[in-house]
Amino acid sequence: MISLQSYPHPEDIFNPFKSPLPNPNQNLISPFLTKPYSSYYLNHPKMAAIFSCSSLYTTSKSPLFNNPFNPICSPNNSSIRRIRPICSSQNPNRFQFCNKQKDGFTGIKECVLSVALAVGLITGVPSVGNANAVTPALSDLAVLISGPPIKDPEALLRYALPIDNKAIREVQKPLEDITESLKVSGVKALDSVERNLKQASRALKQGKNMIIAGLAESKKDHAIELLGKLEVGMEELQKIAEDRKRDAVAPKQKELLQYVGGVEEDMVDGFPYEVPEEYQNMPLLKGRATVDMKVKVKDNPNLEDCVFRIVLDGYNAPVTAGNFIDLVERHFYDGMEIQRADGFVVQTGDPEGPAEGFIDPSTEKMRTIPLEIMVEGEKTPVYGATLEDIGLYKAQTKLPFNAFGTMAMAREEFENNSASSQVFWLLKESELTPSNANILDGRYAVFGYVTQNEDFLADLKVGDVIESVQVVAGLDNLVNPSYKIAG
């Protein structure tokens, strides 16, 4: 049973990303839309009894959860009745609300309590001192997590590769576990590091033949070379640990995992599936690509220019990643400002003018792409529907919103296939967006992660300028590039 104190505060429910309203002159599309709350909680049969409140004011233009990220929920829209909590240390009751229009809000307090209960049950927000306090009655909605969630972007990318080779994974896992070992203070951590290394070395020795057998024939020589470097590197890391050089462990670990990732990529033989016919003529990234985004930072004497390295995953999001790479090659984002930076997300991609996305010169219409989500265990992505829409409440996505700097497409509220050019990077976990159990997975198309300098995303401000975005690797994986047709 979850205690009431452990539920998200009502302010976090109605405005979970507590930020100023966007500039009314911008056409930013919200990456955090109201449908995930309203339809997820109201449409599921087990939640029907919880939502019996008739006093909530809802219209087609006034969703159950008024969201300040949504352009229609602006102070200038008089048709929307905004619910705003009062936060006062002098008020012993947190669940009090005020509104410019008082009529029609009888019983709102009870409704908010019901909403808080629903959010607490569905999202599994832990109570203080009890990390597993999710009611068994709703276990079929819970996200099943084995072990702590993976938050490292490069690890997420490794696990997202379309391969099935247990031997290489058994080498990868103990090398990744070194990160946890290093959380122990002092040189005591090095004892755990040595145990991790012994496990990885044993796995490599026992499974090497199986690893080599899983390599793509055209990439075998390269992968065998990487395996040799991996063996030598593990011996060097063993010496570092024995010499108690704690500060040298993490850089060497990163190097070894890069070798592992390279071997795993060499196991992928071509593109593993056919994109649906209706999307086959769109720009598609059939593989991975790496881009560098250079941002000119204003009003920060400690950070003038910053280059963010981003790995885009076309194996799991070929349409979404292909669309972005195509726009990059058109220099669409060069010179564009950061248009939202509120501590929870950084967002850009809204061009000047009335359009909310990229206008294709060949059609003079906004180019949109379908919602595209790859589910763990499936061979092809789901297109045009959220996982909620098709009833996959427990499904894990191959590219989850786990890492700081997860990159995804923004879209219109009730139009799954409305993404165009606006992208956002998730910065912060909140009570509604914990890793591996959040309201964003399965509803927004993740297609990459920032793998270098991601921490500096938090320093970006509205008005900082993207000087350039350049593809530094993987451009040959882009098929049907429209920028070449456009010249």
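By class, five nonpolar residues, one polar and one charged make up the lining of the second largest cavity; here Ala, Val, Leu, Ile, Met, Phe, Trp, Tyr, Cys and Pro count as nonpolar, Asp, Glu, Lys and Arg as charged, and the others, Gly among them, as polar. The model is predicted, with local features needing pLDDT of at least 70 and side-chain atom pairs pLDDT 80 or more, while totals for chains, interfaces and linings use all residues. Residues are numbered from 1 along each chain as its sequence is written, and side-chain values use heavy atoms, leaving out hydrogens and water.

A cavity is a set of points, on a 1 Å grid over the protein atoms alone, where a 1.4 Å probe fits but cannot get out, and lining residues have an atom within 4 Å of a point. Grid points are joined across faces, edges and corners, and volume is the space filled by probe spheres set on the points. Two cavities of 30 Å³ or more are counted this way. The largest holds about 90 Å³; among its 14 lining residues, Glu372, Ile373, Met374, Leu399 and Val446 lie nearest its centre.

Turning to Glu154, this residue is buried, with a relative accessible area of 18% (buried means under 20%, with a 1.4 Å probe and protein chains only). Not counting residues up to four places away in sequence, Glu154 touches Lys254, Gln258 and Thr451 (heavy atoms within 4.5 Å).

Technical notes: 1 Å grid on protein atoms, 1.4 Å probe; cavity = no way out; pocket = protein on both sides within 12 Å on 5 of 7 lines; lining within 4 Å. Buried < 20%, exposed > 50% of the residue type's maximum accessible area, 1.4 Å probe, protein only.
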